[in-house]
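Got your viewer open and a chain on the screen? Let's take a walk through it, one selection at a time.

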Amino acid sequence: MGLNFDHLENQVRTYAPSDSAVFWKTREKFGGLSNMAAGFPLLVNGVKIRTSEALYQAMRFPTRPDVQELILGEISPMTAKMRSKPFREFTRDDWSSVRVPIMRWCLRLKLYQNWEKFGHALRETGSLPIVEKKTKHADFWGAKYVEPDELIGPNILGRLLMELRDDLEQMPSPPEHLAPLNLKQFLLLGREIEAVRIVQSPVSILF
Ligand SMILES: Nc1nc(O)c(N)c(N[C@@H]2O[C@H](COP(=O)(O)O)[C@@H](O)[C@H]2O)n1
């Protein structure tokens, strides 16, 4: 089941935090679900990538391998995100319509290349709604507290994670490859992204 892509930012949802798997800080409960969580390395076109956040931010700039390199070179995922900010005018022009499939692809890769660890993080949520908590704005990816017992927002990241959790239930093992997205300029460091071979990638091997 996929998300309906029409005006996603208007598709606001309401969640009861006490009955949800709410995450924000990476060291807190369910923190492994955050794109900012360390310890879920990725390998794309032979390029080592520390976090799904760094990969997602790099994908904004397919025609700027120099910017991608700066983002991927950052050790902290938050700094990788901050690195992208001065260059946002160079974001691919179709970003608002491709960012959700790109995020979905990043999350799939995070699961397939970190099968046990990320699979466990997803399963640990049981059947609870998954919600990324926002402290200031209920921006596109998360939801924010409006009352102590009410989180409201589009929560697109949480919804993609729930979709992935549903898919995981049907998958006894990771696939051998993750297909690239059928997008123009799906590039990493100047090379078209190919089908990603799924390697299990403990941090100690990669970094
Ligand atoms: N500012 C911030 N701090 C965190 O700890 C976060 N988890 C997030 N959210 C993540 O930011 C990514 C999208 O950022 P943009 O839409 O490019 O601004 C995405 O991974 C969110 O989950 N933000």
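Here is a tour that goes from the sheet to the helices and ends at the ligand.

**Before you click**

This is a predicted model, where local features need pLDDT of at least 70, side-chain atom pairs count only at pLDDT 80 or more, and totals for chains, interfaces and linings use all residues. Residues are numbered from 1 along each chain as its sequence is written.

**Stop 1**

Show the strands as a cartoon and find the open sheet of 5 strands, in the order S1-S7-S6-S5-S2, with mixed pairing. Strands count as paired if DSSP finds at least two bridges between them. Which strands stand at the edges? Select 13-15 for S1 and 21-23 for S2: each has a single partner strand, so one side of each is left without a neighbour in the sheet. Going from one strand to the next, the twist averages 45°, an angle between lines fitted to C-alpha atoms, taken between N-to-C directions on a scale from 0 to 180 degrees.

Now step across the sheet. S1 is joined to S7 (residues 150-153) by 3 bridges, and the two run antiparallel. Pick Tyr 15 and you'll find Leu 151 of S7 opposite. S7 also pairs with S6 in the antiparallel sense, again through 3 bridges, and these two strands make a hairpin with 2 residues between them. Here Leu 151 turns up again, as the bridge partner of Tyr 145. Carry on to S5, which pairs with S6 (residues 143-147) in the parallel sense over 2 bridges; Lys 134 has Lys 144 in S6 as its bridge partner.

**Stop 2: two faces of one strand**

In a regular strand the side chains alternate between the two faces of the sheet. Colour S7 to see its two sides: Leu 151 and Gly 153 are on the covered face, Glu 150 and Ile 152 on the uncovered one.

While you're here, select Ala 143, which is found in S6. Is Ala 143 buried or exposed? It counts as buried because it has 28 C-beta neighbours inside 10 Å. (Buried means 20 or more other C-beta atoms within 10 Å of a residue's own, exposed means 12 or fewer, partly exposed is in between, and C-beta atoms are placed from the backbone.) Try a distance label too: the C-alpha atoms of Ala 143 and Tyr 15 are 8.5 Å apart, though 128 residues separate the two along the chain.

**Stop 3: the helices**

Select 156-169 for H6, a helix of 14 residues that reaches 20 Å from its first C-alpha to its last, close to the 20 Å expected. (That expected span is 1.5 Å times one less than the number of residues.) Its buried residues include Leu 157, Leu 160 and Leu 161. Among the elements covering them are H4 (95-113), H5 (115-123) and S5 (130-134).

Move to H4 and H5. Their axes come within 5 Å and cross at roughly 115°. To see the contact, show Lys 110, Leu 111 and Tyr 112 of H4 with Trp 115, Phe 118 and Gly 119 of H5; contact here means C-beta atoms, placed from the backbone, within 7 Å.

**Stop 4: a loop residue**

Pick Phe 40, in the loop between S2 and S3. This one is buried, with 22 other C-beta atoms within 10 Å. Leaving out residues up to four places away in sequence, Phe 40 touches Thr 51, Ser 52, Lys 110, Asn 114, Lys 117 and Phe 118.

**Stop 5: the ligand**

Finish by selecting the ligand and what surrounds it: Ser 34, Asn 35, Met 36, Glu 53, Tyr 56, Lys 81, Glu 132, Trp 141 and Leu 157. A residue makes this list if its C-beta atom, placed from the backbone, lies within 6 Å. Colour the shell by class and you get 4 nonpolar, 2 polar and 3 charged residues. (Ala, Val, Leu, Ile, Met, Phe, Trp, Tyr, Cys and Pro count as nonpolar, Asp, Glu, Lys and Arg as charged, and the others, Gly among them, as polar.)

Conventions: Helix = DSSP H or I, 4+ residues; strand = E, 2+ residues; numbered from the N terminus. Contact = placed C-beta atoms within 7 Å.
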